[in-house]
Amino acid sequence: MKQADLKDLRKLADSRREERSHDRKVLDFDWAGSVITALVSGHGHRYNVRIKLGEGRTYKCSCPDHAKRGRFGPCKHTLLVSRHALANGSATSKKPDTDQA
Ligand SMILES: [Zn+2]
(Lines give C-alpha, C1' and ligand atoms only; values in the text may rest on other atoms or scores of the structure.)
Protein backbone atom coordinates (compact mmCIF):
# COMPACT_ATOMS: atom_id res chain seq x y z
CA MET A 1 0.00 0.00 0.00
CA LYS A 2 2.61 2.49 1.07
CA GLN A 3 5.01 1.15 -1.51
CA ALA A 4 2.32 1.80 -4.11
CA ASP A 5 2.02 5.38 -2.87
CA LEU A 6 5.73 5.89 -3.42
CA LYS A 7 5.59 4.40 -6.90
CA ASP A 8 2.65 6.66 -7.66
CA LEU A 9 4.63 9.66 -6.58
CA ARG A 10 7.45 8.68 -8.87
CA LYS A 11 5.08 8.42 -11.81
CA LEU A 12 4.34 12.12 -11.43
CA ALA A 13 7.95 12.97 -12.06
CA ASP A 14 9.40 13.93 -15.36
CA SER A 15 12.45 11.93 -16.38
CA ARG A 16 14.81 14.93 -16.43
CA ARG A 17 14.18 15.56 -12.77
CA GLU A 18 14.62 11.90 -12.07
CA GLU A 19 18.02 12.05 -13.75
CA ARG A 20 19.12 15.13 -11.89
CA SER A 21 18.24 13.52 -8.59
CA HIS A 22 21.09 11.05 -8.99
CA ASP A 23 23.87 13.36 -7.85
CA ARG A 24 22.06 14.15 -4.60
CA LYS A 25 22.57 12.28 -1.39
CA VAL A 26 20.26 11.27 1.39
CA LEU A 27 21.99 12.39 4.58
CA ASP A 28 19.30 11.50 7.02
CA PHE A 29 16.27 9.32 6.59
CA ASP A 30 13.43 8.43 8.88
CA TRP A 31 10.26 6.52 8.14
CA ALA A 32 7.77 6.51 10.98
CA GLY A 33 4.29 5.22 10.25
CA SER A 34 3.08 6.99 7.16
CA VAL A 35 5.52 9.89 7.36
CA ILE A 36 8.94 9.93 5.77
CA THR A 37 11.33 12.73 6.63
CA ALA A 38 14.77 13.13 5.15
CA LEU A 39 17.62 15.53 4.69
CA VAL A 40 19.04 15.70 1.18
CA SER A 41 22.28 17.30 0.10
CA GLY A 42 23.39 18.46 -3.29
CA HIS A 43 25.38 21.30 -4.82
CA GLY A 44 26.17 22.89 -1.49
CA HIS A 45 22.59 22.98 -0.29
CA ARG A 46 20.63 20.89 2.14
CA TYR A 47 16.92 20.42 1.88
CA ASN A 48 14.32 18.91 4.13
CA VAL A 49 11.90 16.54 2.50
CA ARG A 50 8.72 15.29 4.08
CA ILE A 51 6.44 12.76 2.45
CA LYS A 52 3.15 11.70 3.94
CA LEU A 53 1.79 8.46 2.56
CA GLY A 54 -1.70 7.07 2.51
CA GLU A 55 -4.89 9.03 2.32
CA GLY A 56 -4.33 12.67 1.44
CA ARG A 57 -0.78 11.96 0.41
CA THR A 58 1.41 15.03 0.48
CA TYR A 59 5.02 15.82 -0.14
CA LYS A 60 7.04 18.84 0.78
CA CYS A 61 10.58 20.01 0.21
CA SER A 62 12.37 23.14 1.33
CA CYS A 63 14.00 23.72 -2.06
CA PRO A 64 13.09 26.60 -4.41
CA ASP A 65 12.00 24.16 -7.11
CA HIS A 66 9.30 22.80 -4.86
CA ALA A 67 8.20 26.30 -3.91
CA LYS A 68 7.77 27.17 -7.58
CA ARG A 69 6.63 23.92 -9.14
CA GLY A 70 5.83 21.55 -6.29
CA ARG A 71 2.15 21.56 -7.07
CA PHE A 72 2.83 20.14 -10.53
CA GLY A 73 4.97 17.26 -9.36
CA PRO A 74 7.65 16.19 -6.90
CA CYS A 75 11.07 17.83 -7.06
CA LYS A 76 14.29 15.87 -7.50
CA HIS A 77 14.84 15.70 -3.74
CA THR A 78 11.40 14.22 -3.16
CA LEU A 79 12.11 11.74 -5.93
CA LEU A 80 15.41 10.75 -4.42
CA VAL A 81 13.82 10.22 -1.02
CA SER A 82 11.02 8.13 -2.52
CA ARG A 83 13.60 6.00 -4.32
CA HIS A 84 15.59 5.64 -1.14
CA ALA A 85 12.45 4.62 0.73
CA LEU A 86 11.58 1.98 -1.86
CA ALA A 87 15.11 0.61 -1.76
CA ASN A 88 15.46 0.55 1.99
CA GLY A 89 11.98 -0.27 3.18
CA SER A 90 10.23 1.10 6.19
CA ALA A 91 12.96 0.34 8.70
CA THR A 92 14.34 3.51 10.18
CA SER A 93 17.71 3.89 8.64
CA LYS A 94 20.55 6.33 8.96
CA LYS A 95 22.61 4.62 6.29
CA PRO A 96 23.82 6.72 3.41
CA ASP A 97 22.03 6.17 0.14
CA THR A 98 24.00 3.62 -1.83
CA ASP A 99 21.56 4.00 -4.70
CA GLN A 100 21.25 0.38 -5.68
CA ALA A 101 17.56 0.63 -6.51
ZN1 LIG B 1 13.37 19.70 -3.49
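## Report on the fold of the protein chain

From the N terminus on, the elements of the protein chain follow the order α-α-β-β-β-β-α-α. That comes to 4 helices and 4 strands. The model described here is predicted.

**The sheet**

The 4 strands form an open sheet in the order S1-S2-S3-S4, and the pairing is antiparallel. Strands S1 and S4 stand at the edges; each has a single partner strand, so one side of each is left without a neighbour in the sheet. On average, neighbouring strands of this sheet are turned by 10 degrees against each other, direction ignored. As a general point, strands of a sheet pair through backbone hydrogen bonds, either parallel or antiparallel.

The strands cover these residues:

| Strand | Residues |
|---|---|
| S1 | residues 25-32 |
| S2 | residues 35-42 |
| S3 | residues 45-52 |
| S4 | residues 58-61 |

Strands S3 and S4 run antiparallel and are joined by 4 bridges. Arg50 stands opposite Lys60, a residue of S4.

Helix H4, made up of residues 76-88, lies across S1, S2, S3 and S4. The helix runs at about 60 degrees to S3.

The largest nonpolar core has 18 residues. Those that touch the most other members are Val26, Ile36, Ala38, Val40, Val49, Ile51 and Val81. Two or more residues of this core come from each of S1, S2, S3, S4 and H4. Helix H4 gives the most, with 4 residues. In soluble globular proteins, nonpolar side chains tend to be buried together.

Val40 is one of the core residues named above. Which residues are in contact with Val40, leaving aside its neighbours within four places in sequence? They are Arg24, Lys25, Val26, Leu27, Arg46, Tyr47, Val49, His77, Leu80 and Val81.

**An exposed residue**

Arg16 has its place in helix H2, which spans residues 15-20. Is Arg16 buried or exposed? Arg16 is exposed, because 9 other C-beta atoms lie within 10 Å, and a residue counts as exposed at 12 or fewer. The C-alpha atoms of Arg16 and Lys76 are separated by 9.0 Å, although these residues are 60 residues apart along the chain.

**The chain as a whole**

The protein chain has 101 residues, of which 29% count as buried. Among contacts in the protein chain with a separation of 6 or more, 53% are between residues 24 or more positions apart.

Note on methods: Residues are numbered from 1 along each chain as its sequence is written. This is a predicted model: local features need pLDDT of at least 70, side-chain atom pairs count only at pLDDT 80 or more; totals for chains, interfaces and linings use all residues. Two strands pair if DSSP finds at least two bridges between them. Axes are lines fitted to C-alpha atoms, for helices over the stretch in contact, and angles run from 0 to 180 degrees between N-to-C directions. Two residues are in contact if their C-beta atoms, placed from the backbone, lie within 7 Å. A residue is buried if 20 or more other C-beta atoms lie within 10 Å of its own, exposed if 12 or fewer, and partly exposed in between; C-beta atoms are placed from the backbone. A nonpolar core is a set of buried Ala, Val, Leu, Ile, Met, Phe, Trp, Tyr and Cys residues joined through C-beta atoms within 7 Å.
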